[in-house]
Amino acid sequence: MAALNIISQPPTSSFLNFKIKNSFDNGPLYVPNKPTLSSVAKQLSKSGTIAGSGCSWMQGSSTCFNAAAANDRRRGIVYSVFPTKPAQVSSVQDLYEFICSGPLLEKMGFTPESVAESVDKWLAYGLHLCRLFQLGEFELNIPQKVRFYHYYIPVFLWCEDQISQHMSGYKEGEDIPPLVIGFSAPQGCGKTTLVFALDYLFKITGRRSATISIDDFYLTAEGQAKLREENPGNALLEFRGNAGSHDLPFSVETLTALKKLNKEGTKMKLPRYDKSAYSGKGDRADPSTWPEIEGPLSVVLFEGWMLGFKPLPVETVKAVDPQLETVNKNLEAYYDAWDKFIGAWIVIKIKDPTCVFQWRLQAEIAMRDAGKPGMSDEEVKDFVSRYLPAYYAYLPTLYSEGPSGSDPKHYILIEIDEGRNPILGN
């Protein structure tokens, strides 16, 4: 759960401080208990009161809150799409414009028109994420809003569309295997938190989902020791991480079983890896602690730092680090073990692999602060140094060509900045 600290910052501004500003000339606007905010937006547009309502949902002014409350006492309580409490409905236009300013919107196939038609869904998903991360829906700061409305929700909606396309390829009555969506992203860039959020949104919208990481397929501590003995002097295979340190038959067995989890009542346990074991060197968790999932699954979220890496010419990898020659050879078996199971891809691109050290350090500090054993700063530096050659060797090809077997219709490349937020990129 250390990754969750990425967005758990002290709140500094309001979130859904909504206020419907009505002109006395147009008469009061009454909104029933469960409207769609898209219909509210249309009503506001007709009355000419959206723009310049004076109380942006982004501004976070308590004055806005109080003014709206006074307005409600004069004109009756206004309810938002969330029926649990009376809402001050602020400028829907502000939220709409904020969503439309996101760098992923066009890339993921959204238009201003499609956002306008579904703005109530965006709001609902935002509220659910607030609950998941224990953030006050009235107190999100700007980075948190960016993370939700410019990143997590657009990615979720893209995944939803991919699942719909996947399901449409089967006839009525056929057993539909879950869609496996692969998330390839360097360590510490927030992929685990992204997958955590997506898994939650799938569950609250009625889809059964499962999450799995390449970490869960690492060799046991005993297997790692054997790998180390077989490759003396190769620092890249001394500890877990690079190609060769995974139990590929176990991967195939697990992913095959997940793809078959498409009937009611079918169950299986998902393997998990304990990174804190052996002072941070890790070991496969005891099977008694593995979570149990039940079918039918709609989607499997499969994430990892080296998903989609392809073997390169030996001369290319040796020019980066001679020790990569063995890793590169090991990588030849990974397509059949991992990539061929994946039906849709999300690749998260970073500009500089050296960011990984700082991100990894933050995660380890969070583990230590939570009372769990973790690596020291020097151990983190040493640990990350064993991954950097692979990043420098394989990321350029991944970013330029995409993963092996990926279809452009089912593949998205998202570039993020040092703050782990999406940017326009190339």
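User: Before that, what kind of model is it, and what are the ground rules?

Analyst: This is a predicted model, in which local features need pLDDT of at least 70 and side-chain atom pairs count only at pLDDT 80 or more, while totals for chains, interfaces and linings use all residues. Residues are numbered from 1 along each chain as its sequence is written, and side-chain values use heavy atoms, with hydrogens and water left out.

User: OK, the sheet. What is the strand order?

Analyst: The order is β2-β7-β1-β8-β9-β10, an open sheet of six strands with mixed pairing. Its edge strands are β2 and β10 (422-423), each of which pairs on one side only. Strands here are DSSP runs of E with at least two residues, helices are runs of H or I with at least four residues, and both are numbered from the N terminus; two strands pair if DSSP finds at least two bridges between them.

User: Which strands pair with β7, and how?

Analyst: Strand β1 (residues 179-184) pairs with β7 in the parallel sense over six bridges, and there Phe183 stands opposite Glu303. Strand β2 (residues 209-213) also runs parallel to β7, joined by five bridges, with Ala210 opposite Val300.

User: How many residues of β7 are buried?

Analyst: Six of the six residues of β7 (residues 299-304) are buried, so the strand is largely enclosed by the rest of the structure. Buried means under 20% relative accessible area, exposed means over 50%, and partly exposed lies in between, using a 1.4 Å probe and protein chains only.

User: And which way do its side chains point?

Analyst: In a regular strand the side chains alternate between the two faces of the sheet. In β7, Val299, Leu301 and Glu303 point one way, whereas Val300, Phe302 and Gly304 point the other way.

User: What about β8 and β9?

Analyst: Strand β8 (residues 344-349) and β9 run parallel and are joined by five bridges, with Glu415 in β9 as the bridge partner of Lys349.

User: Switching to Arg386: buried or exposed?

Analyst: Arg386, found in the loop between α15 (377-385) and α16, counts as buried because its relative accessibility is 11%.

User: What does its side chain contact?

Analyst: The side chain of Arg386 makes a polar contact with the side chain of Glu238 at 2.7 Å, and a polar atom of the Arg386 side chain lies 2.9 Å from the backbone oxygen of Ala235. A polar contact is a pair of N or O atoms within 3.5 Å; within protein, one must be able to donate a hydrogen and the other to accept it, and residues adjacent in sequence count only if both atoms are side-chain atoms.

User: Where is Ser406?

Analyst: Ser406 is in the loop between α16 (388-401) and β9 (411-416), and its side chain reaches the backbone oxygen of Pro403 at 2.8 Å.

User: Last one: which element gives the largest share of the second largest pocket's lining?

Analyst: That is α5, with three residues. The lining residues divide into five nonpolar, three polar and three charged, including Trp122, Glu160 and Arg207. Ala, Val, Leu, Ile, Met, Phe, Trp, Tyr, Cys and Pro count as nonpolar, Asp, Glu, Lys and Arg as charged, and the others, Gly among them, as polar. A pocket, on a 1 Å grid over the protein atoms alone, is an open set of points where a 1.4 Å probe fits, with protein on both sides within 12 Å along at least five of seven lines, and lining residues have an atom within 4 Å of a point.
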